[in-house]
Amino acid sequence: MGGGGGGGVMKDLRSKEELDRVIRGGDSVILHFFAGWCEASKQMDQVFALLCTDFPLAHFFRVDAEELPELSEAYSVSAVPYFVFCKVDTEFSHRIEDPSFLSQDGKTVDTLEGANPSSLANKVAELSGSINHADSAAPVNLGIAAGPAVLETVKEQAKGNDSSQTDKPSLNERLQQLVDSHPVFLFMKGSPEQPKCKFSRKVVEILKDVVVEFGSFDILTDDEVREGMKKFSNWPTFPQLYCKGEFIGGCDITVAMHESGELKEVFKDHEILSHSNGAKTASGLSSALISRLESLINLSPVMLFMKGKPEEPKCGFSGKVVEILHQEKVEFESFDILTDDEVRQGLKVFSNWLSYPQLYIKGKLIGGSDIVLEMQKSGELKRVLTEEGILPKEPLEDRLRSLISSSEAMLFMKGSPDNPRCGFSRKVVDALREVGVTFGHFDILTDDDVRQGLKTFSNWPTYPQLYYKGEFIGGSDIVLEMQKSGELKSALSE
């Protein structure tokens, strides 16, 4: 038997223990994860507050996503506003010890990401038993799900959008427009410059390898497009690659076609490659020089075009890349561009990279000294070298130790310091910058092995995680507390 519900009162959740007590009672629970800086959270707060009066038998909790990172991590909250709908059978309630049990036994009934008042009202009604979902295949009507106060709030929020909805193309029309916007188009997680999953990264690498221009769309930014493309393509996963409006496939198919040479043939058949090849010819590079540059680039699995020789670099940037390759224990060949002006000038055009040094791995341009240094600090360089078979794959624990020791102060975070992907990571970055600490970082969203392995290694279940001189300092709460007390700067300068 339930505990009587929340009585129509919205509460701020203060701790995991408080949630545990309510869950054990067996009542319906709705959690609103919010952030004070998010305008959409503030708007949805109004709807949430009114819904709790319409459904007094359910418990309505506001959860500050940045103040309770343990709960945010448990429910995989990556953006706000975010709603979790829970309903636990009383026969199981005595077994609840932590929120992760909910997802294990299917007791998290539903979730909702983003500011959608109608969907929120409908899901609350379904959870609270007001709607018999089996009686209708259509979504619950907002007028049934919510009382007049909620309806009025929703109408006020929708006023600014009404006129634009009239002229808005249908979802299928919008998807078709995206597909047709470029001869080659990729629906992916993240951007070509910053892929958010290894499968998207792999397809981006392939498209760059065959030198084809392409458009892209980050499906993580638009759930309507993300779900719509699954039906549009009849393909359940991402990335999805299109050529001249025709669906090619996902990562596995693209990789197989690339390895067999079929992908390049498809692009040639559709005259996709002609522009790139023509661009090289128009640049003034002779076919003989192009052939020579390609031979030099592929002279060794790791090839460095530099000023001087590894034992005697002629500029600091070249010397830095040589030092990094030695630190990573990588065997490489080099070419002194000061000895051959034709190669020096030609490679700038061929690679579309105007400075030296230039580092290539397996025929692919990695970048110059700044990029190589950044990749080493983040662990990305070692990952690429390992994936390409140049370095042996090291045990995960050894890799974690190497990452931790790669910088005196090392932050494992979501995103990068310039583009944090969660509020907790942003706060720690701000704290470190405020006290003037130079630090390395690793984006745990790019590598699931590191993300899961470090939790065990550090015995700490959430991110970010800060290390100093190989020692674990703590997560966001500890770092911010040290900042307030003045301990952070002194602890990171010992």
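Author: Strand 20 and strand 21 run antiparallel and are joined by three bridges. Please keep in mind that this is a predicted model. The general idea is that strands of a sheet pair through backbone hydrogen bonds, either parallel or antiparallel. In this case one may follow a particular pair: Tyr467 has Phe472 in strand 21 as its bridge partner.

Reader: How many residues stand between strand 20 and strand 21 in their hairpin?

Author: The hairpin has two residues between its strands. Lys469 sits in this turn and has a positive phi of about 50°, although Lys469 is not a glycine. With a relative accessible area of 48%, Lys469 is partly exposed.

Reader: Where else does a residue other than glycine have a positive phi?

Author: Asn234 is such a residue, with phi near 55°. Asn234 belongs to the loop between helix 11 (223-233) and strand 8 (240-243). Its relative accessibility is 68%, so Asn234 counts as exposed, the cut-off being over 50%.

Reader: Which strand pairs with strand 16 (residues 409-413)?

Author: Strand 16 pairs with strand 20 in the antiparallel sense, over four bridges. Within this pairing, Ala409 has Tyr468 of strand 20 as its bridge partner.

Reader: Which way do the side chains of strand 20 point, and are they buried or exposed?

Author: Gln465 and Tyr467 point one way, whereas Leu466 and Tyr468 point the other way. All of these residues are buried.

Reader: In what order do the four strands of the open sheet stand?

Author: The order is 13-10-14-15, and the pairing is mixed. Strand 13 (333-336) and strand 15 are at the edges with a single partner strand each, so one side of each has no neighbour in the sheet. From one strand to the next, the twist averages 25°. Strand 14 and strand 15 pair in the antiparallel sense over three bridges, and Leu359 stands opposite Gly367 in strand 15.

Reader: Which helix lies across strand 10 (302-306) and strand 14?

Author: Helix 16 (residues 316-327) does so, running at about 160° to strand 10.

Reader: May we turn to salt bridges? How many does a search of the whole structure find?

Author: The general idea is that side chains of opposite charge can pair when their charged atoms come close. In this structure the search finds 20 salt bridges. One of them joins Glu388 and Lys364, with the closest N and O atoms 3.9 Å apart. Glu388 is in the loop between helix 19 (380-387) and helix 20 (396-404), while Lys364 is in strand 15 (residues 364-367), so the pair ties together parts that are 24 residues apart in sequence. Glu388 is partly exposed, at 24% relative accessible area, and Lys364 is also partly exposed, at 25%.

Reader: Where do Glu380 and Arg383 lie, and how far apart are they in residues?

Author: Both lie in helix 19, three residues apart, which is about one turn of the helix.

Reader: Which residue forms a salt bridge with Asp418?

Author: Arg433 does, and the closest N and O atoms are 3.0 Å apart. Arg433 lies in helix 21 (residues 423-434) and Asp418 in the loop between strand 17 (415-416) and strand 18 (419-420), so the pair ties together parts that are 15 residues apart in sequence. Arg433 is partly exposed at 45%, whereas Asp418, at 69% relative accessibility, counts as exposed.

Reader: Which residues are linked in a network of salt bridges?

Author: Asp12, Arg14, Asp45 and Arg62 are linked in such a network.

Key
Residues are numbered from 1 along each chain as its sequence is written. This is a predicted model: local features need pLDDT of at least 70, side-chain atom pairs count only at pLDDT 80 or more; totals for chains, interfaces and linings use all residues. Side-chain values use heavy atoms; hydrogens and water are left out. A salt bridge is a side-chain nitrogen of Lys or Arg within 4 Å of a carboxyl oxygen of Asp or Glu. Buried means under 20% relative accessible area, exposed over 50%, partly exposed in between (1.4 Å probe, protein chains only). Two strands pair if DSSP finds at least two bridges between them. Axes are lines fitted to C-alpha atoms, for helices over the stretch in contact, and angles run from 0 to 180 degrees between N-to-C directions. Contact means heavy atoms within 4.5 Å.
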